[in-house]
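I opened this notebook to record what I looked up, entry by entry, for someone who has not seen the model before.

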Amino acid sequence: MGHWGTGGEDFDDIEDFDDAIEAWDERWEAIMFAPERTAGAIVISHLGCAQREWLIINGSHRGTIWSDCRVDDVDLAPLLDDDGTPVTFARWYTDWLEKAERTALSAP
């Protein structure tokens, strides 16, 4: 007979282990994807595979961009410059424009 554990609990039956993991996943998703977590923000970019970037439009982080990789089990987090400074909308937008221009100029 197998022995499964999550670090804090041990299970003698794989079905009980699977049930515990499923219950944990449901709790995690309910918390991570609660609508109030993104209140005061709007999606400004979709990076593919359900990854997004949000513009914070009110509150203490207003004007900054946040990365949303919750689909990959990573929490919302501020997008940071190389020096650790939060990326502002103006910086994000000018970077986007520069990339769009380079792409357009390199097109055949």
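**Entries on the sheet and the core**

I began with Ala41, which stands opposite Ile56 in E4. This is a predicted model, in which local features need pLDDT of at least 70 and side-chain atom pairs count only at pLDDT 80 or more, while totals for chains, interfaces and linings use all residues. Residues are numbered from 1 along each chain as its sequence is written, and side-chain values use heavy atoms, with hydrogens and water left out.

I then looked up the strands (DSSP runs of E with at least two residues, numbered from the N terminus), which pair if DSSP finds at least two bridges between them. E3 (residues 41–48) and E4 (residues 51–56) pair in the antiparallel sense over 6 bridges; in their hairpin, with 2 residues between the strands, Cys49 takes a positive phi near 55°. E4 also pairs with E5 (residues 65–68), antiparallel over 4 bridges, and there Trp54 stands opposite Trp66.

Which order do the 4 strands of the open sheet take? I noted E3-E4-E5-E6, with antiparallel pairing. E3 and E6 (77–78) stand at the edges, each with a single partner strand, so one side of each is left without a neighbour in the sheet.

My last entry concerns the largest nonpolar core, whose 5 residues are Ala41, Trp54, Ile56, Trp66 and Leu76. Such a core is a set of buried Ala, Val, Leu, Ile, Met, Phe, Trp, Tyr and Cys residues joined through side-chain atoms within 4.5 Å, where buried means under 20% relative accessible area (1.4 Å probe, protein chains only).

Conventions: Buried < 20%, exposed > 50% of the residue type's maximum accessible area, 1.4 Å probe, protein only.
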